[in-house]
Amino acid sequence: MQYLISVIHDQPPSVTPEEDAAIDVFNERLQTENHWVFAGGLAAPETATVIDNRDAAGMVTDGPFLESKEYLAGFWIIEAPDLDVALKLAAEGSKACNRKVEVRPFQ
């Protein structure tokens, strides 16, 4: 089963060298243990563009979808046999990146 681990942050986007190194170690572990599917960090919320083309409205808005103190800073998509393993890996990812994370299964 695949899970999305979303990294939630509430500060200006900056990763310390120590966090970067810990994330690299965690990523390598995910790959070695065959949990790795994909991962990525995201640019600051101000760089977002929202597009709403429902009903052919064609609305394009600069900036994030939601104005919020917390934002999505990055993510991992992992493969895990069950939610317990996914939660354990998410806890380790949270420690590595020094941020809160949210775990959600794919349907």
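Analyst: Ala, Val, Leu, Ile, Met, Phe, Trp, Tyr, Cys and Pro count as nonpolar; Asp, Glu, Lys and Arg count as charged; the others, with Gly among them, count as polar. By that scheme, the lining of the second largest pocket divides into eleven nonpolar, six polar and two charged residues. Keep in mind that this is a predicted model.

Now the pocket itself. Its volume is about 300 Å³. The lining holds 19 residues, and V15, I23, G41, A73 and G74 are the closest to the pocket's centre. Four elements each supply at least two lining residues: β1, α1, β2 (36-41) and β5. The most comes from β5, which gives five residues.

Step back to the whole protein for a moment. It has two helices and six strands. Along the sequence they follow the pattern β-α-β-β-β-β-α-β. The C-alpha trace spans about 45 × 35 × 20 Å along its principal axes. Of the 107 residues, 28% are buried. Take the contacts with a separation of 6 or more: residues 24 or more positions apart account for 77% of them.

In soluble globular proteins, nonpolar side chains tend to be buried together. Here the largest nonpolar core has 17 residues, and L30, W76 and I78 have the most contacts inside it. β1 (2-9), α1 (17-32), β5 (71-79) and α2 (83-97) each supply at least two of the core residues. The largest share, five residues, comes from α2. So what does L30 touch, leaving aside its neighbours within four places in sequence? L30 is in contact with H35, W36, W76, I78 and L89. Two of those partners, W76 and I78, are also named among the residues with the most contacts inside the core.

H9 counts as buried because its relative accessibility is 11%, and the cut-off for buried is under 20%. The side chains of H9 and R99 are joined by a polar contact of 3.1 Å. Beyond its neighbours within four places in sequence, H9 is in contact with K69, E70, Y71, A73 and R99. A73 ties this back to the pocket, as one of the residues closest to the pocket's centre.

T61 touches A48, T49 and V50, not counting residues up to four places away in sequence. At 40% relative accessibility, T61 counts as partly exposed.

Finally, two loop residues. N34 lies in the loop between α1 and β2. Its phi is near 60 degrees, a positive value in a residue other than glycine. N34 is exposed, with a relative accessible area of 62%. N98 is found in the loop between α2 and β6 (100-105). The phi of N98 is also near 60 degrees, again positive in a residue other than glycine. N98 counts as exposed because its relative accessibility is 54%, and exposed means over 50%.

Technical notes
Residues are numbered from 1 along each chain as its sequence is written. This is a predicted model: local features need pLDDT of at least 70, side-chain atom pairs count only at pLDDT 80 or more; totals for chains, interfaces and linings use all residues. Side-chain values use heavy atoms; hydrogens and water are left out. A nonpolar core is a set of buried Ala, Val, Leu, Ile, Met, Phe, Trp, Tyr and Cys residues joined through side-chain atoms within 4.5 Å. Buried means under 20% relative accessible area, exposed over 50%, partly exposed in between (1.4 Å probe, protein chains only). Contact means heavy atoms within 4.5 Å. On a 1 Å grid over the protein atoms alone, a cavity is a set of points where a 1.4 Å probe fits but cannot get out, and a pocket is an open set with protein on both sides within 12 Å along at least five of seven lines; lining residues have an atom within 4 Å of a point. Grid points are joined across faces, edges and corners, and a volume is the space filled by probe spheres set on the points. A polar contact is a pair of N or O atoms within 3.5 Å; within protein, one must be able to donate a hydrogen and the other to accept it, and residues adjacent in sequence count only if both atoms are side-chain atoms.
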